[in-house]
Amino acid sequence: MLDRIRIVLVNTSHPGNIGAAARAMKNMGLSRLYLVSPKQHPSFDAYSRAAGADDVLGEAVVTETLADALKGCVWVGGTSARERAVQWSVYDPRDCAGVCLEQSVQGDTAIVFGRERTGLTNEELELCNGLVHIPTNPEYSSLNVAAAVQVLCYELRMAFASQSPEKTAENRVQKEDMPATTDQLEGMYQHMYQMMEDINFFGKTNPEIIMRRLKSLYNRARTTKREVAILRGIFSAAQGKKSAD
Ligand code: SAH
């Protein structure tokens, strides 16, 4: 189960943090590290901070964009030290770990960590199903990124340790009722946008804001593959096309 969970670091500046994150993961039994455009990788600093978690570091997958790192994921949590303006479902680390494990029966899941100084952008959070916030002193809420990885990996380990095999079997559902992956949702959003343009929906409204709200709705709802197919059928019909199966 823990091998279905990706830990994704976005645009990390300090290679030492990458190494410390790899160590935190290995301590808790996780191994799938993804690095989105790291400033420096591989590096001596990362290996020295990894302290024996060289395998996790050596097998890290490097991608150019966050969307690439999340391909195929059925649930994604985006971590943030701040409250955000847009309406996200907010999880604490314990709830996030529970959902990750529950969903990992259907496919890969991921937890995304942001840049040391600026965190994750709203566009990046739009690829996530929920926002994960580690409760902290409100006047000093920002953890070091590898420390944040440690907290989440610890909760994943605890959730894993308390999972029963019956519960795991219960979570298995029919293929069509599996949650849509992030790339399937992206395809759906593009189709939705195109359809809304075709029917002149946007008018004077700002398409970016409307799309942000709609993405937030469908990400929160944990839309299934079957629902994506139905929605895309409706979009095609609105566009005057025969619905594609
Ligand atoms: N000023 C940035 C802080 C970035 S800290 C911001 O407000 O987002 C670097 C990363 O560590 C964050 O992007 C997040 O992934 C993680 N992190 C730090 N503190 C956190 C907290 N309290 N809850 C969740 N994640 C946190």
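Visitor: What makes you speak of domain 1 and domain 2 here?
Guide: This is a predicted model, and the domain assignment of its protein chain gives domain 1 as 2-174 and domain 2 as 182-238. Their C-alpha centres lie 27 Å apart.

Visitor: How do you know which residues of domain 1 and domain 2 belong to the contact?
Guide: Contact asks for heavy atoms within 4.5 Å. By that test, 19 residues from domain 1 and 10 residues from domain 2 take part. Between them the two domains bury about 1300 Å², with 43% of it on carbon and sulfur atoms.

Visitor: Why is the meeting of E126 and R212 called a salt bridge?
Guide: The cut-off is 4 Å between a side-chain nitrogen of Lys or Arg and a carboxyl oxygen of Asp or Glu. For the side chains of E126 and R212 the N to O distance is 2.8 Å, so the pair qualifies. The count between domain 1 and domain 2 is four salt bridges. Seven residue pairs are also found in polar contact across this interface, both residues being at pLDDT 80 or more.

Visitor: Which elements give two or more residues to the side of domain 1 that touches domain 2?
Guide: They are β4 (75-79) and α5 (93-103). Of these, α5 gives the most, with three residues. The residues on that side of domain 1 divide into nine nonpolar, six polar and four charged.

Visitor: What makes β1 and β6 a pair?
Guide: Pairing needs at least two bridges between the strands. Strand β1 (residues 5-10) and strand β6 (residues 109-113) have five bridges, in the parallel sense, so they count as paired. To see one on your screen, look at I7, whose bridge partner in β6 is I111.

Visitor: And what order do the seven strands of the open sheet follow?
Guide: The order is β3-β2-β1-β6-β4-β7-β5, with parallel pairing.

Visitor: Why are β3 and β5 called edge strands?
Guide: Because β3 (61-63) and β5 (90-91) each pair on one side only, they are the edge strands.

Visitor: How do you know that the peptide bond joining H41 and P42 is cis?
Guide: Look at omega for that bond: the value is about -5 degrees. P42 lies in the loop between β2 (32-36) and α2 (44-50).

Conventions:
Residues are numbered from 1 along each chain as its sequence is written. This is a predicted model: local features need pLDDT of at least 70, side-chain atom pairs count only at pLDDT 80 or more; totals for chains, interfaces and linings use all residues. Side-chain values use heavy atoms; hydrogens and water are left out. Domain bounds come from an automatic or database domain assignment. Buried area is the accessible area (1.4 Å probe) that two parts lose on being put together, summed over both. A polar contact is a pair of N or O atoms within 3.5 Å; within protein, one must be able to donate a hydrogen and the other to accept it, and residues adjacent in sequence count only if both atoms are side-chain atoms. Helices (H or I, at least four residues) and strands (E, at least two) are DSSP runs, numbered from the N terminus. Ala, Val, Leu, Ile, Met, Phe, Trp, Tyr, Cys and Pro count as nonpolar, Asp, Glu, Lys and Arg as charged, and the others, Gly among them, as polar.
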